[in-house]
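Please examine the structure shown here alongside its sequence.

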Amino acid sequence: MFKKALGQNNNMLIPLLRHLIPERKIKSIQFQNTEQVSSRKDGKMPRYDIICTDEDGASFIVELQCVQYEDYFDRVLIYSSFQLSGSLKRGEAYANARPVYVISIIDYLLSMEKDTDVSRNQLLRYAHVFLDDNNAKPLSCKLIFIFLQLPTVSGITKHSTWLEKFAYLVRNSEKFTEIPEELKSEDYFVDILSRADKANMKKRDWQLYDHMERDERERQACIDFARKEGLAEGRAEGRAEGRAEGKEEGRAEGREEGRAEGRAEGRAEGRVEGREEGRMEVFSQMAAVLGISLEDVMAMAGSMSQKI
């Protein structure tokens, strides 16, 4: 929720930057797109929590990190290098590169080589990429890493510093039932806590909306499933009815074809019978003319057919 409170309002982020980097004397900032485009098609795209530039072109990357993981230093180094190289135009001298500050607000203690109890428990810790081995002075001030270690502040008093109060507020605000007296004296802390609460409320509203949307998706999925089931049943019933109608049509067509075949066979048989009757009539006439019996004429016709 503090990421939104800090990353959407100049009046909330500028005071923090001024207390962390007082030498820059920041007057104004401009928020940048938190997602950067890689120069390679398959390149990893940096995604920042908050990024802005001041009036002189210096960049400020702000990361809020609750959980420690092994390659965090590599991540901030790569992200800051990406931003540093982007501050130069083609042909511009390297000396003109604008500095990049990476501010990590972390809810754990760093573990660095040569740590002492004192250094480990400092609220603010600084790191540079290149250091002179002889005197530990930075060889370049283009990349500066600042770590605000929240666990180093367990409580505050009216004499606590601004950064101590800020660290205590960020780490413990969710436990507050009301704003502590030590923070009421500065309008900034009252304002940022109010903005963070509103951001948190918006988050809860979004979660409620998300739940409602998920329920609607589930309801629609049920409707779609029922519709598909209905279509499947309809197809099955249609196939059954089609088969029944097909059978009935087949029987009707079979009956019709049977009638047609019967008529054809009847005509054929009729023609055969007709020829036979005609033949017998001719035999009868021959028997009458010759004065012999019908049987003798048929016998004569039979013998003649055999000879032929």
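The model is predicted. The protein contains eight helices and six strands, arranged along the sequence in the pattern α-α-β-β-β-α-β-α-β-β-α-α-α-α. Of its 308 residues, 28% are buried. The accessible surface amounts to about 21,200 Å², and carbon and sulfur atoms account for 51% of that area. When contacts between residues at least 6 apart in sequence are considered, 54% of them join residues at least 24 apart.

The largest nonpolar core comprises 42 residues, and those with the most contacts inside it are Leu 6, Leu 13, Leu 16, Phe 166, Tyr 188 and Ile 192. Among the elements that give two or more residues to this core are helix 1 (2-7), helix 2, strand 2 (50-54), helix 5 (162-172) and helix 7 (187-290). Helix 5 gives the most, with seven residues. A second, separate core holds 16 residues, among them Ile 61, Val 100, Tyr 108 and Phe 145.

Attention may now pass to a loop. Lys 25 lies between helix 2 (10-20) and strand 1 (29-31). Most residues other than glycine have a negative phi. Is Lys 25 buried or exposed? Its relative accessible area is 63%, so Lys 25 counts as exposed, the cut-off for that class being over 50%.

Notes
Residues are numbered from 1 along each chain as its sequence is written. This is a predicted model: local features need pLDDT of at least 70, side-chain atom pairs count only at pLDDT 80 or more; totals for chains, interfaces and linings use all residues. Side-chain values use heavy atoms; hydrogens and water are left out. Helices (H or I, at least four residues) and strands (E, at least two) are DSSP runs, numbered from the N terminus. Buried means under 20% relative accessible area, exposed over 50%, partly exposed in between (1.4 Å probe, protein chains only). Contact means heavy atoms within 4.5 Å. Accessible areas come from the Shrake-Rupley method with a 1.4 Å probe; for residues, only the protein chains shown count as cover. A nonpolar core is a set of buried Ala, Val, Leu, Ile, Met, Phe, Trp, Tyr and Cys residues joined through side-chain atoms within 4.5 Å.
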